[in-house]
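Colleague: I have a chain here that I would like to go through with you. Could we take it residue by residue and then as a whole?

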Amino acid sequence: MKISEAELEVLQILWEAKEPLNIQDVCNRLKNKKWKYNTVGTLLLRMAEKGAVASEKKNRIIYYRPIWERKAYQKEQTEHLINKLYHGSAKELTVSLFQQGEMTKEDLEDIRKMFDL
């Protein structure tokens, strides 16, 4: 599953919407972006070609919904990051996040509670 940063922004809008959106709906929900209608339409068409979204025409308006599930995409991208930058070690990623100050002690405590450690 390979998509561009711009396509990911659009996909995140579709995930959050919980209902199919047309191009104008997506344009209206883009934060701090002044993408033109045609730009968003092109991104959605590319994503449909990649199998990331599906489209359905209702009353001459095309609506888009995500096919890829958010959690599955996150899992795949996380695995790719870990394999590419941390030699397949989730532990190395975690240590790196902690050493860079990205994880607080509260984060670690939350993780301990989540996994009953």
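Colleague: Does Asn-22 count as buried or exposed?
Modeller: This is a predicted model, so the values are computed from its coordinates. Asn-22 is found in strand E1. The cut-off for a buried residue is under 20% relative accessible area. The relative accessibility of Asn-22 is 13%, so Asn-22 counts as buried.

Colleague: Which residues does Asn-22 touch, not counting those up to four places away in sequence?
Modeller: Contact here means heavy atoms within 4.5 Å. With residues up to four places away in sequence left out, Asn-22 touches Ile-61, Ile-62 and Tyr-63.

Colleague: How far apart in space are Asn-22 and Phe-98, C-alpha to C-alpha?
Modeller: Asn-22 sits in strand E1. Along the sequence, 76 residues separate Asn-22 from Phe-98, and in space the C-alpha to C-alpha distance is 41 Å.

Colleague: Is Glu-7 buried or exposed?
Modeller: Glu-7 belongs to helix H1, which covers residues 5-17. A buried residue has under 20% relative accessible area. Glu-7 has a relative accessible area of 0%, so the term for Glu-7 is buried.

Colleague: With which residues is Glu-7 in contact, leaving aside neighbours within four places in sequence?
Modeller: Glu-7 is part of helix H1. Leaving aside neighbours within four places in sequence, the contacts of Glu-7 are Leu-43, Arg-46, Met-47 and Lys-50.

Colleague: Which element gives the largest share of the largest nonpolar core?
Modeller: The core has 22 residues, and those that touch the most other members are Leu-11, Leu-14, Val-26, Val-40, Leu-44 and Val-53. Two or more residues of this core come from each of H1, helix H2 (23-29) and helix H3 (37-50). The largest share is 7 residues, and the element that gives it is H1.

Colleague: Which residues is Leu-11 in contact with, leaving aside neighbours within four places in sequence?
Modeller: Leu-11 is among the core residues that touch the most other members. Leaving aside neighbours within four places in sequence, Leu-11 is in contact with Ile-3, Met-47, Ala-52, Val-53, Pro-66 and Trp-68.

Colleague: What is phi of Lys-18?
Modeller: Lys-18 lies in the loop between H1 and strand E1 (21-22). With a relative accessible area of 76%, Lys-18 is exposed. Most residues other than glycine have a negative phi. Lys-18 is not a glycine, yet its phi is positive, near 65 degrees.

Colleague: By what distance are the C-alpha atoms of Asn-38 and Gly-51 separated?
Modeller: Asn-38 lies in helix H3 and counts as exposed at 60% relative accessibility. Asn-38 and Gly-51 are 13 residues apart along the chain, and their C-alpha atoms are separated by 20 Å.

Colleague: What pattern does the protein chain follow along the sequence?
Modeller: The protein chain has 6 helices and 3 strands. Read along the sequence, they give the pattern α-β-α-α-β-β-α-α-α.

Colleague: Why is the protein chain said to be more spread out than a compact globule, and what is its radius of gyration?
Modeller: The C-alpha atoms fill a box of roughly 55 × 25 × 25 Å along the principal axes. For 117 residues the globule rule gives 13 Å, and the chain is more spread out than a compact globule because its value is well over that, with a radius of gyration of 18 Å.

Colleague: How far apart do the centres of the positive and negative side chains lie?
Modeller: The accessible surface of the protein chain comes to about 8,900 Å², with 50% belonging to carbon and sulfur atoms. The chain has 21 positive and 18 negative side chains, and the distance between the centres of the two sets is 6 Å.

Notes:
Residues numbered from 1 in each chain as written. Predicted model: local features only at pLDDT ≥ 70, side-chain atom pairs only at ≥ 80, totals over all residues. Heavy atoms only, no water. Helix = DSSP H or I, 4+ residues; strand = E, 2+ residues; numbered from the N terminus. Rg over C-alpha atoms; globule rule 2.2 N^0.38 Å. Areas by Shrake-Rupley, 256 points an atom, 1.4 Å probe, with all protein chains shown as cover. Lys, Arg positive; Asp, Glu negative; His and termini not counted. Charge placed at Lys NZ, Arg CZ, Asp CG, Glu CD. Buried < 20%, exposed > 50% of the residue type's maximum accessible area, 1.4 Å probe, protein only. Core = buried A, V, L, I, M, F, W, Y, C linked by side-chain atoms within 4.5 Å.
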